[in-house]
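Here are my notes on this model, point by point. Please read them with the structure open.

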Amino acid sequence: MNTNTPQHAFINAYPFLVFTVSVWIKRQSFRLRIMLLVVALALVLGLFFAVLLFNPRPRKSGHKGKAQASLSNDKASKSYSKTEVSLHNKRTDCWIIIKNKVYDVTSYVEEHPGGDAILAHAGDDSTEGFFGPQHATRVFDMIEEFYIGDLEQ
């Protein structure tokens, strides 16, 4: 029997082809597993960052949010006398007056970037200090969160 015919050459090469194909499949399987692992990791990280981005953080001080502040501003505002405001002049009980409006900033005292400077006019008129050059424009929006009423005239 002549084994040099093309038909017999294929039969003799079959074990080599099976080995080569099986190694290729194993390599592809390994690459596929790595690729699936990378995709799964990317999905988990994406979900984690989405939760961080869209989940609101609680504030450190517990003061009201803007929605609550605007609701409280819609209510009839309370009036305070200058004597009543002057009683709130401590770190643990700090009210200030800005343009004849009264603000309870007690929850903000510890967070104040200027340190104890906020206490310099605790219980008194802070208008001049509030509108000083040291404050960024965002404080003008932020102060409304602390509004509690008007100063009696």
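1. With which residue does arginine 91 form a salt bridge? The partner is glutamate 110, and the closest N and O atoms are 3.1 Å apart. Keep in mind that this is a predicted model.

2. Look at where the two partners sit. Arginine 91 is in the loop between β2 (89–90) and β3 (93–98), while glutamate 110 is in the loop between β4 and α4. The pair links distant parts of the chain, 19 residues apart.

3. Next, accessibility for this pair. Arginine 91 has 34% relative accessibility and counts as partly exposed. Glutamate 110 has a relative accessible area of 61%, so this residue is exposed. The cut-off for exposed is over 50%.

4. Arginine 91 also meets the side chain of aspartate 116 in a salt bridge, at 2.6 Å from N to O. Aspartate 116 lies in the loop between β4 and α4, and arginine 91 in the loop between β2 and β3, so this contact ties together parts that are 25 residues apart in sequence. Aspartate 116 is partly exposed, with a relative accessible area of 44%.

5. Taken as a group, Arg91, Glu110 and Asp116 form one network, joined by salt bridges that share partners.

6. Which residue pairs with aspartate 124 in a salt bridge? The partner is lysine 82, with the closest N and O atoms 3.6 Å apart. Aspartate 124 lies in the loop between β4 (101–104) and α4 (127–130), and lysine 82 belongs to helix α3 (residues 82–86), so the pair ties together parts that are 42 residues apart in sequence. The salt-bridge rule asks for a separation within 4 Å.

7. Are aspartate 124 and lysine 82 buried, exposed or in between? Aspartate 124 counts as partly exposed because its relative accessibility is 33%. Lysine 82 counts as partly exposed too, at 43% relative accessibility.

8. For the tally, the salt-bridge count comes to three.

9. Now the nonpolar side. Leu41, Leu45, Phe48, Phe49 and Leu52 form a nonpolar patch on the surface. Together these residues have about 520 Å² of accessible area. One of them, phenylalanine 49, is placed in helix α1 (residues 6–54).

How values were computed
Residues numbered from 1 in each chain as written. Predicted model: local features only at pLDDT ≥ 70, side-chain atom pairs only at ≥ 80, totals over all residues. Heavy atoms only, no water. Helix = DSSP H or I, 4+ residues; strand = E, 2+ residues; numbered from the N terminus. Buried < 20%, exposed > 50% of the residue type's maximum accessible area, 1.4 Å probe, protein only. Patch = residues over 30% accessible without salt bridge, like charges linked within 9 Å, V, L, I, M, F, W, Y side chains within 5 Å. Areas by Shrake-Rupley, 256 points an atom, 1.4 Å probe, with all protein chains shown as cover.
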